There are 2 protein chains.
Amino acid sequence: MLPSEVQAILEEMREERVRGASYLAKKGAEAYITLAGLLSGDELLEALNELSREIKGVNPAMASLYNLTRFIPHSPNSLIVKTKAEEFIKLSDEAKREIGNIGSELIDEGDVIITHSFSSTVLEIFKVAIKKGKRFKVILTESAPDYEGLALAKELEAIGVPFEVITDAQLGLFAKNATFALVGADNITQDGSVINKAGTYLLALACHDNGVPFYAAAESFKIHPELEAGEVEIVERKFKRNHFLIRNYLFDVTPWRYVRGIITELGILVPPKEL
Amino acid sequence: MLPSEVQAILEEMREERVRGASYLAKKGAEAYITLAGLLSGDELLEALNELSREIKGVNPAMASLYNLTRFIPHSPNSLIVKTKAEEFIKLSDEAKREIGNIGSELIDEGDVIITHSFSSTVLEIFKVAIKKGKRFKVILTESAPDYEGLALAKELEAIGVPFEVITDAQLGLFAKNATFALVGADNITQDGSVINKAGTYLLALACHDNGVPFYAAAESFKIHPELEAGEVEIVERKFKRNHFLIRNYLFDVTPWRYVRGIITELGILVPPKEL
């Protein structure tokens with residue numbers, strides 16, 4: 001049985017409905033730090049096994065959680081556990097900053113960038129580009145049914161990036177107006193598929209059909225070392241409109257052949273040539 | 001100056017926000033009938049010129065209106081005008097019935113058909129298929145921002161067709177579960193493009209990527225004899241969500257290479273082989 005302070009963090013992770021894979025991994029790292037502050041020795045060792053199982057169980061398809069549990073050593077020494085969990089958080093912050101640097105270099109003066117849903121990594125790229133003095137425009141979707149696109153619109157308003165909001169169904173109409181597409185990712189599978197908010201795949205298809213490059217931005221810890229696209233179980237949150245139940249899978253799968261590159265802190269990964 | 005009874009019909013046509021190309025063409029035919037009941041001789045001839053101009057002006061890109069004005073002879077004989085306008089309405093009703101017959105033959109027992117938005121022609125096909133005793137399932141989109149998909153859901157409920165409603169952004173996820181896709185059309189351009197509710201193009205791309213045949217159903221009077229896809233001016237109706245203005249083009253353009261066939265009352269038109 002895990003200490004109640006750790007249980008509370010796990011519960012928070014399970015309840016989270018807005019923030020994605022980066023946030024949850026950092027929360028998971030906090031859970032390890034909290035545990036290491038409470039237990040040591042054999043008790044810690046036993047609790048670590050349980051905690052790692054629980055963290056993976058929050059979302060078995062989420063690479064960031066899986067990779068976090070692999071990063072943390074199962075040691076009876078609480079200092080080692082704490083240090084590694086803190087290192088994970090530090091590396092995670094550094095990764096986002098570095099993705100901002102690398103990604104912002106893709107943006108040229110006057111570019112039009114189309115995106116879907118709200119990714120804090122994509123926003124970081126926009127922020128760094130603005131700091132570098134670049135002027136560009138963003139086309140973004142409302143992202144029904146939760147409208148997280150409007151949250152991105154607010155952020156862009158705050159940093160002075162001009163933008164246009166479109167309905168999700170217009171991705172095909174507006175893709176051809178973009179210099180390139182840039183989205184976040186919840187997960188990159190071992191076979192290079194981008195798992196991201198439902199609709200991302202449609203954007204990628206429209207980009208492909210119109211010769212517009214499609215990029216995803218993701219910290220390397222979002223790359224799952226084992227899962228293939230077909231094995232990812234996609235979370236669904238049905239809702240009601242009028243008296244109708246609406247199907248609502250959160251993510252879809254964009255195959256690597258439609259991706260020009262995945263912007264990570266290690267550089268831009270490109271699909272193998274034979275694709 | 002057209003008689004006020006005719007002006008009223010034109011005003012109704014301009015104000016229409018839900019129903020599409022078939023409905024507007026029939027309304028236009030009613031305007032001709034009304035005019036022929038009020039005027040004759042040179043007065044009629046002059047008014048016919050004005051009415052044809054006004055009807056085309058309701059939506060210059062709409063083939064059904066353009067073709068209606070070509071169908072009605074500009075004659076001083078009010079009986080000829082009335083008879084031809086009535087014939088247009090009769091042919092239009094017959095066309096829809098015949099499309100129901102032809103289209104329902106595409107549906108096999110146990111099929112899953114994916115559609116987008118609400119087309120009365122597509123609904124007619126479903127109704128005839130049910131009358132023929134076929135059992136099938138429909139996947140349909142909400143069709144934001146006006147949710148006409150929910151109106152289709154109600155109709156399907158009434159005739160006992162099982163269905164699932166999805167958000168527009170999930171078209172890519174659900175297309176691969178379908179036997180085929182079937183949508184209506186507001187317009188078929190001379191180069192074979194299907195102009196239909198925004199999002200249709202995304203559905204066609206997802207179908208293409210997953211080897212799912214994509215069909216459109218349209219009366220032949222929706223085929224524009226002159227306009228090419230690039231010349232169609234797409235109507236936009238922006239709206240506000242929170243304090244953000246949302247872009248909202250009503251239609252998008254699906255190139256003929258993604259269309260398996262266009263179901264008309266004359267048979268199923270297929271794209272030329274070189275596409």
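Where is B:Pro145 found in chain B? B:Pro145 sits in the loop between strand E2 (137-141) and helix H7 (148-159) of chain B. Helices (H or I, at least four residues) and strands (E, at least two) are DSSP runs, numbered from the N terminus. The model is predicted: local features need pLDDT of at least 70, side-chain atom pairs count only at pLDDT 80 or more, and totals for chains, interfaces and linings use all residues. Residues are numbered from 1 along each chain as its sequence is written, chains are lettered from A and ligands numbered from 1 in the order in which they are written, and side-chain values use heavy atoms, with hydrogens and water left out.

Most residues other than glycine have a negative phi, and most peptide bonds are trans. The peptide bond from B:Ala144 to B:Pro145 is cis, with omega near 0°. In chain A, the bond from A:Ala144 to A:Pro145 is also cis, with omega near 0°. A:Pro145 lies in the loop between strand E2 (137-141) and H7 of chain A. A:Ser143 belongs to the loop between E2 and H7 of chain A. Its phi is near 65°, a positive value in a residue other than glycine.

The two chains were then compared. Superposition was by least squares on the C-alpha atoms of residues with pLDDT of at least 70 in both copies. A rotation of 180° with 0.0 Å of shift along its axis places chain A on chain B, with an RMSD of 0.0 Å. The two copies are thus related as by a two-fold rotation axis. The same surface serves both copies, since 100% of the contact residues of chain A recur in chain B.

The interface comes next. Contact means heavy atoms within 4.5 Å. By this rule, 42 residues of chain A are in contact with 42 residues of chain B. The size of an interface is often given as the accessible area lost when the parts come together. Buried area is the accessible area (1.4 Å probe) that two parts lose on being put together, summed over both. Chains A and B bury about 3500 Å² between them, and 61% of it is on carbon and sulfur atoms. In chain A, A:Leu202, A:Phe244 and A:Arg247 lose the most area to chain B. Together they account for 18% of what that side buries.

The rule finds 24 residue pairs in polar contact between chain A and chain B, both residues at pLDDT 80 or more. A polar contact is a pair of N or O atoms within 3.5 Å; within protein, one must be able to donate a hydrogen and the other to accept it, and residues adjacent in sequence count only if both atoms are side-chain atoms. Several elements of chain A each supply at least two residues to the side that touches chain B, among them helix H7 (148-159), strand E3 (163-166), helix H9 (200-210) and strand E9 (244-247). H9(A) gives the most, with six residues. The residues of this side divide into 24 nonpolar, eight polar and ten charged. Here Ala, Val, Leu, Ile, Met, Phe, Trp, Tyr, Cys and Pro count as nonpolar, Asp, Glu, Lys and Arg as charged, and the others, Gly among them, as polar.

Six salt bridges are found across the interface. A salt bridge is a side-chain nitrogen of Lys or Arg within 4 Å of a carboxyl oxygen of Asp or Glu. B:Arg247 forms one with A:Glu164, and the closest N and O atoms are 2.4 Å apart. Over all chains, the whole structure holds 36 salt bridges. One of them joins A:Arg14 to A:Glu11, with the closest N and O atoms 2.8 Å apart. Both residues lie in helix H1 (residues 4-15) of chain A, three residues apart, about one turn of the helix.

Strand pairing was examined as well. Two strands pair if DSSP finds at least two bridges between them. Two bridges join E9(A) to strand E3 (residues 163-166) of chain B, and these strands run parallel. A:Arg247 stands opposite B:Ile166 in E3(B). Within chain A, three strands form an open antiparallel sheet in the order E5-E6-E10. Strand E5 (187-188) and E10 of chain A stand at the edges, each with a single partner strand, so one side of each is left without a neighbour in the sheet.
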